[in-house]
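Hi,

Here is the structure I promised to pass on. Have a look at it first, and then read my notes below.

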Amino acid sequence: MTESTLLDAADVHVTFPGRRGSGSARAVDGVHLTLGKGEIVALVGESGCGKTTLARTLLGLEKPTAGHVTFDGAPLSYDSRSLKAYRNRVQLVLQDPSGSLNPRHTVYEAVAEGLRVHGYAGDEQAKVAEALARAGLRPPERFFQRYPHELSGGQRQRVVIAGALVLDPELIVADEPVASLDASVRGEILALLLALREELGLSALVVTHDLGLAWNIADRVAVMYLGRVVETGTVEEVLTSPQHPYTQALLSVLPEAPGEPVVLTGEPPDPTRIPGGCRFHARCQVLASGEAERAGVADACRTKDLPVLSAEHRTQAACHWAARLTPQGPGASPAC
């Protein structure tokens, strides 16, 4: 961890009890992740990969079973007073503004709620107006007495963002921030997040299933599969030269991707019964095509576990096949 590190998650595990005597579900199974001051990191993966559980853990909404989270050099404490102070500095932006805004509350009340919870003693109206203006709702007073149903989808998402900004956080965690929006509005919201980073020095963890979104907004990318980060690096390195077959498959379905899309068969394994070997091997197109066999790593793919990736700011992939093919690849350090 360096002086520029804002958030540091070290060997984080989150385990939930299984149902009806089944094993415990390893939702997050050893993750190292850092986020620098003023940096935007995209956490990418399919539904069920553990990314939302990890995000909730970084917000202090879930307590890790093992490992720890450090914010601005101090370990995260889970007593109510400490968590309240922490959430003054770290705010959540949800994907569905219609679900996160109370339909009976005006825009003013929705944005002012955080100030009231945290006992803000200054000029509440001026603070709400400032937050709305920063979120692109100008003039802000025009929106004070409007209700969510009177706003467009993009405007509702800006209200949610204003509700996060009103507390002057240093970090926002945005869970699928544009998933519910029309394509014409998504670019506006992404541009807003980038502008807030430039204007306020705001850091952001953007949780998404969309690698295309990561390309448009992130500095670094962490790709998750079945509770672990399987590839990480700068957005340019990971998205232009992906090392892990899972990352390659996710990229292949983007509209601008060359060649045929990779169709992954089946669903991710049950987190209560994580298979031995590479946890992606049952769905891996490289193993299925015989490429892993030709590279001499097929047995390792099926039987040899891979180490947890470190939190270093370098390109890494947890993949036996990638390690065999590119052990000295440009900027790449596949785990083996």
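Keep in mind that this is a predicted model. On its surface, L61, L92 and L94 make a nonpolar patch of about 210 Å². L92 belongs to strand β6, residues 90-93, and counts as partly exposed because its relative accessibility is 32%, between the 20% and 50% cut-offs.

Next, the sheet. Four strands form an open sheet in the order β2-β1-β4-β5, paired antiparallel. β2 (25-36) and β5 (74-75) are at the edges with a single partner strand each, so one side of each has no neighbour in the sheet. Strand β1 (residues 5-16) is joined to β2 by nine bridges, and V12 has V31 in β2 as its bridge partner. Helix α1 (residues 51-58) packs on this sheet and touches β1, β2 and β4 (66-71). The direction of α1 makes about 120 degrees with that of β1.

Now the charged side chains: the count comes to 21 salt bridges. In one of them, R134 pairs with D168, with the closest N and O atoms 3.5 Å apart. R134 is in helix α5 and D168 in the loop between α6 and β7, so the pair ties together parts 34 residues apart in sequence.

Another salt bridge joins R158 and E188 (3.6 Å, N to O), linking helix α6 to helix α7 across 30 residues. Are these two buried or partly exposed? R158 counts as buried at 14% relative accessibility, while E188 is partly exposed at 43%.

D219 and R197 also meet in a salt bridge, at 2.8 Å from N to O. Here the loop between α8 and β9 is linked to helix α7.

Cheers

Conventions
Residues are numbered from 1 along each chain as its sequence is written. This is a predicted model: local features need pLDDT of at least 70, side-chain atom pairs count only at pLDDT 80 or more; totals for chains, interfaces and linings use all residues. Side-chain values use heavy atoms; hydrogens and water are left out. Patches are made of residues with over 30% relative accessible area and no salt bridge: like charges are joined within 9 Å, nonpolar side chains (Val, Leu, Ile, Met, Phe, Trp, Tyr) within 5 Å. Accessible areas come from the Shrake-Rupley method with a 1.4 Å probe; for residues, only the protein chains shown count as cover. A salt bridge is a side-chain nitrogen of Lys or Arg within 4 Å of a carboxyl oxygen of Asp or Glu. Helices (H or I, at least four residues) and strands (E, at least two) are DSSP runs, numbered from the N terminus. Buried means under 20% relative accessible area, exposed over 50%, partly exposed in between (1.4 Å probe, protein chains only). Two strands pair if DSSP finds at least two bridges between them. Contact means heavy atoms within 4.5 Å. Axes are lines fitted to C-alpha atoms, for helices over the stretch in contact, and angles run from 0 to 180 degrees between N-to-C directions.
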